[in-house]
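Work through the exercises below with the model open. Try each task before reading its solution.

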Amino acid sequence: MTSGTIHTPRAVLRRWTQTDVVALLQLFQHPHTRRYLLDGAVVDHAWMALEIASSQQRFAQGIPGLWTAWQPQTNTLLGVAGFRPDHQPPVLELIYAVAEQHTGTGLATHLAQTVMAHARQTTTLGDIHAAVDVVNVASVAVLSKLGFVETHRSPGAFGDMLHLVARAR
């Protein structure tokens, strides 16, 4: 098992723990975050606790999980990034979200790039999958910068959903 902390010039990333539940709920309940990441759904404490436990279980099994990203000087939650299974059948996918005040700063790209590199260095993860609503142009741009290419489309909450992959090198 690898360290539960990643330090970058812009953030300190820590594996999700139950002590993060309040901060994570604030982020995930914010309309900016939940619009696309959760298709508008409002999540509760029980959902958040289950997501944290599931992420911890993935890490314990050597599978990438989810990270919080904190501003080093103020210990303010900047966002999240990592991997969780989604769709049917489940596919382990890259997810990320940044607090609204940090959009447009390159932070989402930085966090996604950081967890992708970490996962490839510390696990057997090869190809990395992601899915995004076509109308979420900011996230489509992030994934494009990271080298993701479209594999197919499916119906989503806001029209077409793009399914993408970043191939292992």
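Predicted model: local features only at pLDDT ≥ 70, side-chain atom pairs only at ≥ 80, totals over all residues.

Residues are numbered from 1 along each chain as its sequence is written, and side-chain values use heavy atoms, with hydrogens and water left out.

**Exercise 1. Describe how helix H1 and helix H3 cross.**

Step 1. Locate the helices: H1 spans residues 21-29 and H3 residues 45-60. Helices here are DSSP runs (H or I, at least four residues), strands likewise (E, at least two), numbered from the N terminus.

Step 2. Take the axes. They come within 10 Å and cross at roughly 115 degrees. That makes H1 roughly perpendicular to H3 (65 to 115 degrees).

Step 3. Assign the hand. H1 passes H3 in a right-handed crossing (near helix turned clockwise from the far one by less than a right angle).

Step 4. List the contact (heavy atoms within 4.5 Å). H1 supplies Val21, Leu24, Leu25 and Phe28. H3 supplies His45, Trp47, Met48, Ala49 and Ile52.

Step 5. Sort these residues by class: eight are nonpolar, one is polar and none is charged.

**Exercise 2. Characterise the largest pocket and its lining.**

Step 1. Its volume is about 900 Å³. A pocket is an open set of points on a 1 Å grid where a 1.4 Å probe fits, with protein on both sides within 12 Å along at least five of seven lines.

Step 2. The lining (an atom within 4 Å of a point) has 40 residues. Nearest the centre lie Tyr36, Leu37, Tyr96, Asn136 and Ser139.

Step 3. Elements giving two or more residues to this lining include H2 (31-37), H3, S4 (77-86) and S5 (91-98).

Step 4. By class, the lining has 22 nonpolar, eleven polar and seven charged residues.

**Exercise 3. Which peptide bond is cis, and where is its proline?**

Step 1. The bond from glutamine 88 to proline 89 is cis, with omega near -5 degrees.

Step 2. Proline 89 sits in the loop between S4 and S5.

Technical notes. Axes fitted to C-alpha atoms, helices over the stretch in contact; angles between N-to-C directions. Parallel < 35°, antiparallel > 145°, perpendicular 65-115°, else oblique. Nonpolar A, V, L, I, M, F, W, Y, C, P; charged D, E, K, R; others polar. Points joined across faces, edges and corners; volume = space filled by probe spheres on them.
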